[in-house]
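I opened a notebook on this structure to record what I looked up. The entries follow in the order I made them.

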Amino acid sequence: MKQYLQRWFSRNWVLLLLVLSVVTLVYEIAVEKPHFQRITRYISGISPYVEEERVLTAKTFAGVAQDDPALVNYIRHNLLQPPSQLPYNLANPERQHFSEFDQSSYADSEILHGMRGGFFVEVGAVDGEYLSNSLYFERNLNWTGLLIEAFPQTYHELLQKHRKAYTINTALAMGKVSAEIQFSSTGRKGVLGQISNNTKSTYTSKALPIYSLLLALNVTQIDFFSLDVEGFELKVLQTIPWDKIKIRLLCVEYIHVPEGRAGVIEYMNKQGYATLRDHDNDIWFGWPDLLKGTMKKVS
């Protein structure tokens with residue numbers, strides 16, 4: 001009998017292994033389905049224990065919450081352009097300051113006092129040189145940052161300047177979700193452009209929450225934030241989760257804001273920001289704890 005069994009196993013061991021494998025597979029599917037699914041994902045090249053990520057496209061990005069990882073990844077991998085490695089290509093390289101109302105000069109001489117290596121955000125960046133509030137800091141004090149420009153032609157010109165900052169061609173959302181909006185381009189290089197319902201003279205633009213852009217860059221602190229969006233400044237500010245983002249110095253154009261100067265000041269003061277200056281078309285605010293490090297000149 002022993003010899004018979006040995007001969008049988010020697011002839012049929014492959015068949016026996018096949019039967020055992022089928023039984024094991026059936027057990028995995030019927031009894032341990034989650035474990036089987038993890039194995040399947042692993043075999044197919046997806047890391048085990050990690051669900052497949054939702055991927056957004058230009059057709060599906062709208063209507064997504066500002067902190068949704070899918071939106072953040074879409075921005076990070078498809079829309080943001082990295083800082084240029086090429087030499088500057090400026091129309092007026094001999095100039096130091098480019099602001100319309102000396103904003104960069106005031107910020108440096110009165111608030112930041114030569115602070116080096118900071119991070120700026122400029123909304124309404126135009127072509128990266130004309131009326132720029134951030135170029136001085138980038139060229140002279142080794143800053144980097146994020147330049148946001150809505151108008152495609154002007155944004156193309158911005159890329160030709162070879163700025164040493166991240167750039168993105170988008171409008172900012174007026175709410176806490178991504179959207180598509182109709183924009184009209186008026187004024188030199190579109191500096192007076194705004195949202196419009198007149199479809200004959202507008203183009204469709206992405207509108208992304210500022211917080212989504214900051215998440216895509218892993219930024220939680222801004223050293224100088226210049227905000228100029230022709231009347232929608234307060235709506236943009238109201239989308240920011242102030243418990244997650246801190247801004248050392250903030251310059252807000254207010255002359256077109258429906259709520260006016262008082263509305264902007266009231267809102268920012270409620271967020272804990274100090275009002276520093278009301279000059280020309282802008283109101284300046286600062287976060288007190290961050291200002292302590294730069295308000296006084298370093299000896």
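Of the contacts in the protein chain with a separation of 6 or more, what percentage comes from residues 24 or more positions apart? I found 71%. I note at the outset that this is a predicted model.

**Entry: overall make-up.** I counted ten helices and 13 strands in the protein chain. The chain has 299 residues, and 44% of them count as buried.

**Entry: Thr-167.** I looked up Thr-167 and found it in strand E3, which spans residues 166–169. Is Thr-167 buried or exposed? Its relative accessibility is 3%, and because the cut-off for buried is under 20%, I list Thr-167 as buried. I then set aside the neighbours within four places in sequence and looked for what Thr-167 touches. The contacts are Leu-79, Leu-80, Gln-81, Leu-146, Leu-147, Tyr-155, Leu-158 and Leu-159. I also checked Thr-167 against Val-121: the two are 46 residues apart in sequence, and their C-alpha atoms are 9.8 Å apart in space.

**Entry: helix H7.** I went through residues 210–217, which make up helix H7. How many of the eight residues of H7 are buried? Seven are, so I describe H7 as largely enclosed by the rest of the structure. The buried residues of H7 are Ile-210, Tyr-211, Ser-212, Leu-213, Leu-214, Ala-216 and Leu-217. Just after H7, I noted that Asn-218 has a positive phi of about 60°.

**Entry: H3 against H7.** Two packed helices are described by the angle between their axes and the distance between the axes. For helix H3 (residues 69–79) and H7, I have an angle of about 70° and axes 8 Å apart. The range for roughly perpendicular is 65 to 115 degrees, and I therefore class H3 and H7 as roughly perpendicular to each other. The crossing of H3 and H7 is right-handed. On the H3 side the contact is made by Leu-71, Val-72, Ile-75 and Arg-76. On the H7 side it is made by Ser-212, Leu-213, Leu-215 and Ala-216.

**Entry: helix H9.** Which residues of helix H9 (residues 260–270) are buried? I listed Gly-260, Gly-263, Val-264, Ile-265, Tyr-267 and Met-268. The elements that cover these buried residues include helix H8 (233–237) and strands E11 (249–253), E12 (274–279) and E13 (282–286). Just after H9, Gly-272 takes a positive phi of about 95°.

**Entry: aromatic rings.** I found eight aromatic pairs in the structure. One of them joins Tyr-136 and Phe-137, edge-to-face, at 5.4 Å centre to centre with 80° between the planes. Why is the pair of Phe-137 and Trp-143 classed as tilted? The planes of Phe-137 and Trp-143 stand at 40°, with centres 4.8 Å apart; stacked needs under 30 degrees and edge-to-face over 60, so tilted is what remains. I also checked burial: Tyr-136 counts as buried at 13% relative accessibility, Phe-137 at 0% and Trp-143 at 3%. Ring pairs link Tyr-136, Phe-137 and Trp-143 with Tyr-106, Phe-224 and Trp-284 into a cluster.

**Entry: charges over rings.** I recorded Arg-139 over the face of Tyr-88, 5.9 Å from the ring centre. I also recorded the charged end of Lys-246 over the ring of Trp-287, 4.8 Å from its centre.

Definitions and conventions: Residues numbered from 1 in each chain as written. Predicted model: local features only at pLDDT ≥ 70, side-chain atom pairs only at ≥ 80, totals over all residues. Heavy atoms only, no water. Phe/Tyr/Trp six-rings, centres within 6.5 Å; stacked < 30°, edge-to-face > 60°. Buried < 20%, exposed > 50% of the residue type's maximum accessible area, 1.4 Å probe, protein only. Lys NZ or Arg CZ within 6 Å of the ring centre and 35° of its normal. Helix = DSSP H or I, 4+ residues; strand = E, 2+ residues; numbered from the N terminus. Axes fitted to C-alpha atoms, helices over the stretch in contact; angles between N-to-C directions. Parallel < 35°, antiparallel > 145°, perpendicular 65-115°, else oblique. Left-handed = near helix turned anticlockwise from the far one by under 90°. Contact = heavy atoms within 4.5 Å.
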